[in-house]
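Q: Could you show me how to read the surroundings of one residue in a model, and then how to read the chain as a whole?

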Amino acid sequence: MTDHTVAIVGAGTMGAGIAQVALEAGWHVRLADVDPEALERARGRIRDGLLRRAAKLSAAVDRAAWAEAHLDRLRTDAGPVDAIRGAELVIEAALEDLAVKRTLFAELESAAGESTILATNTSALSVSRIAEATNRPWRVIGLHFFNPAPLLPLVEVVAGAARDEAILVRAEEIVTAWGKTPIRCADHPGF
């Protein structure tokens, strides 16, 4: 169990999957989405995923209690700005639309702490183009989890044109602590 907090913006399939990964690693998760129904679906998806994981644990473990203990560290928020306050990592998992992501990152940067890592889970859009919407583009990286995030081991760590090596290394350390394998990638189509 840790005192680390990640905020995930976007409660679709990828957001819920990444949230499950972070919860299993002992992190507190704040999941944000403008759609309250998406948040409810994500909570159910995460609960189901945790119960599937619990089924693989020793019979001596109370599996339902294990899943609920992890789920207790999940908080949902309608607005991303409230969700990211105090988070050391923010992962955006919204629609694959450059304009939407640029607008969102400008908002996120204004609410994030000075040391907060801002990451996009984009699978194809330019991290550099997303980062250009911020005043400190070196804080923006790509963390592309593969679907389904709880099962697939690789995470692409994408450095944009403006980069801070210390942020990239910290992101790789987090991904590794979450039980995933980080792969450093260049910012070009398909990474």
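**Reading one residue, then the chain**

A: Threonine 120 is buried in this predicted model, with a relative accessible area of 0%, and burial here means a relative accessible area under 20%.

Q: Where in the secondary structure is threonine 120 placed?
A: Threonine 120 belongs to strand β5, which covers residues 117-120.

Q: With which side chain does the side chain of threonine 120 make a polar contact?
A: A polar contact is a pair of N or O atoms within 3.5 Å; here the side chain of threonine 120 pairs with the side chain of glutamate 92 at 2.4 Å, and the threonine 120 side chain also reaches the backbone nitrogen of threonine 122 at 3.2 Å.

Q: How many helices and strands does the protein chain have, and why can the chain be called as compact as a globular protein of its length?
A: The protein chain has seven helices and eight strands. Its radius of gyration is 16 Å, close to the 16 Å that the globule rule gives for 191 residues, and therefore the chain is as compact as a globular protein of that length.

Q: What share of the residues of the protein chain counts as buried?
A: Of the 191 residues, 47% count as buried, while residues 24 or more positions apart account for 67% of the contacts with a separation of 6 or more.

Conventions:
Residues numbered from 1 in each chain as written. Predicted model: local features only at pLDDT ≥ 70, side-chain atom pairs only at ≥ 80, totals over all residues. Heavy atoms only, no water. Helix = DSSP H or I, 4+ residues; strand = E, 2+ residues; numbered from the N terminus. Buried < 20%, exposed > 50% of the residue type's maximum accessible area, 1.4 Å probe, protein only. Polar contact = N/O pair within 3.5 Å; in protein donor to acceptor, adjacent residues only side chain to side chain. Rg over C-alpha atoms; globule rule 2.2 N^0.38 Å. Contact = heavy atoms within 4.5 Å.
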